[in-house]
Amino acid sequence: MRPIEIAKGVFDVGVKDWNIRDFHGYSTHQGTTYNAFLVMDEKIALLDTVKAGFTDQMLDNIAAIVDPRQIDLVISNHTEMDHSGGLPRVMHRIGEAKPLYCSQMGHKNLKAHFAPAWNYRPVANGETLSLGRRTLTFLETRMLHWPDSMFTYLNEDRILFSSDAFGQHYAGPEKFDDEIGEGIMPHAQKYFANILLLYSAKILKLLEQVTEMGLPLDMICPDHGILWRQNPSRIIEAYARWARQETQHKALVVYDTMWHSTARMAEAIAEGLAQTGVRAIPMDLRHCHRSDVMTEVLDARAVAVGSPTLNNNLFPTVSDFLTYMKGLKPKGKIGAAFGSYGWSGEAVKQITAELQGMNFTMVEPGLRIPYVPDKEALAGCEAFGRQIAAAMQT
């Protein structure tokens, strides 16, 4: 990835990680990028760095524009290691006495991550910094998605450097939204569903604040994925919709199975849902990654979860998914539990308890079928699907 001039005197000097396939339990089938930005002015500023292991590539990108030793200051919008991992090498290369700007919480976090006593310059929300002909404004965005997170706004160029907000885990030949079109939106939706969903209330407040500030936006530059230049409001509107957790007339049937009995139940439940006009999506956890399931959960009205009983407990993949979903805190969902069993059958009760703990409105009782479902049992599964569909109307 070579440096790209995204505006006059403003360069993306980040790198592409083509091969990463797992990011904290989130599947990244098409890799990701670690974006970093160089602003050339009377003072030269580097905004964020990259994951350790990619730092030399970033420094080579910078060296294609200017000697890295001429960088006057560094800005850390976020201290997570995919954006700060390159800091020790960068600071050593440019001179460790040069100022490192960060949020108040960023100051605390960076000191906890790194040993050197760098020249930290913690900034307040709304504080400005002149680079000469250009001015930067710092905007605190606490818990989007870490306590230290902040945005940096380049006033004269109307560019928002948005850290992890508005990003996507995607590495491709494109750099801008207009080069990829609608194909980028599923990546953005997956990113929101798996990283930012639990901060939805904070996101809505932030979007309201940004609107009240009246910041003109010609470009939004996140630290992952493509940059939004053609229509930045498009991703802002999508974030508002996702943060409101608006749903479609859609239901997921999420399950795993041992001897196909629970799978047959899932298929019959999906059939019952479909009979009422609901878009029903069966998702076998043995073949669908938890993060892809969560992407579908984002705008689903109902989630039915099925598991066989294994050693008086949930099947491991189902337990994994429920734990993962619980941490992301989806709101306003209809829930249902089902499963086959041999002689004890605790799984349905355990699923019900987990979904109730997430404040799902449950369709009760859950559906349990011993051993192999026969024709009559499968008809009952279809009826259960129609019952879930009826609950979706409320």
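What follows is a quick chat about the fold, some strands and helices, and a few single residues.

Q: What kind of model is this?
A: It is a predicted model.

Q: How many helices and strands does the protein have?
A: The secondary structure comes to 13 helices and 24 strands.

Q: What box do the C-alpha atoms fill?
A: Roughly 80 × 40 × 35 Å, taken along the principal axes.

Q: And what share of the residues is buried?
A: Buried residues make up 58% of the 394 residues.

Q: What about the accessible surface?
A: The protein's accessible surface comes to about 16,300 Å². Carbon and sulfur atoms hold 51% of that.

Q: How many positive and negative side chains are there?
A: There are 39 positive and 45 negative side chains. The centres of the two sets lie 2 Å apart.

Q: OK, sheets. In what order do the strands β12 to β16 sit?
A: The order is β12-β13-β14-β15-β16. Those five strands form an open sheet, and the pairing is mixed.

Q: Which ones are the edge strands?
A: β12 (128–130) and β16 (219–222). Each of them pairs on one side only.

Q: How are neighbouring strands of this sheet turned against each other?
A: By 20° on average, direction ignored.

Q: Take β15 and β16. Parallel or antiparallel?
A: Parallel. Four bridges join β15, residues 159–163, to β16.

Q: Which residue of β16 is opposite L160?
A: That is I220.

Q: Remind me, what do strands of a sheet pair through?
A: Backbone hydrogen bonds, either parallel or antiparallel.

Q: Now β10. Is that strand enclosed or open?
A: Five of the five residues of β10 (residues 99–103) are buried, so the strand is largely enclosed by the rest of the structure.

Q: How does β9 pair with β10?
A: In the parallel sense, over three bridges. β9 covers residues 73–76. Its S76 stands opposite C102 in β10.

Q: And how many bridges join β10 to β11?
A: Five, with the strands running parallel. β11 covers residues 119–123.

Q: Switching to helices. Which residues of α10 are buried?
A: S291, V293, M294, T295 and V297. The helix covers residues 290–297.

Q: What do those buried residues pack against?
A: Strands and helices both. The strands are β5 (26–27), β17 (250–255), β18 (279–284) and β19 (302–306). The helices are α6 (185–196) and α11 (316–328).

Q: Where is S200?
A: S200 lies in helix α7, residues 200–213.

Q: Why does S200 count as buried?
A: Because its relative accessibility is 5%, and the cut-off for buried is under 20%.

Q: What does S200 touch, leaving out residues up to four places away in sequence?
A: F192, W242, A243 and Q245.

Q: What is phi of R158?
A: Near 55°, a positive value in a residue other than glycine. R158 lies in the loop between β14 (150–154) and β15. R158 is partly exposed, with a relative accessible area of 33%.

Q: And phi of F166?
A: About 70°, so positive as well, although F166 is not a glycine. F166 sits in the loop between β15 and α5 (177–180).

Q: Is F166 buried or exposed?
A: Buried, at 4% relative accessibility.

Q: Last one. Where does H145 lie?
A: In the loop between β13 (135–140) and β14. H145 counts as buried, at 11% relative accessibility.

Q: Which residues does H145 touch, not counting those up to four places away in sequence?
A: H78, E80, D164, I195, L196 and Y199.

Q: And what separates H145 from S340?
A: Their C-alpha atoms are separated by 39 Å. Along the chain they are 195 residues apart.

Definitions and conventions. Residues numbered from 1 in each chain as written. Heavy atoms only, no water. Pairing = 2+ DSSP bridges. Helix = DSSP H or I, 4+ residues; strand = E, 2+ residues; numbered from the N terminus. Axes fitted to C-alpha atoms, helices over the stretch in contact; angles between N-to-C directions. Buried < 20%, exposed > 50% of the residue type's maximum accessible area, 1.4 Å probe, protein only. Contact = heavy atoms within 4.5 Å. Areas by Shrake-Rupley, 256 points an atom, 1.4 Å probe, with all protein chains shown as cover. Lys, Arg positive; Asp, Glu negative; His and termini not counted. Charge placed at Lys NZ, Arg CZ, Asp CG, Glu CD.
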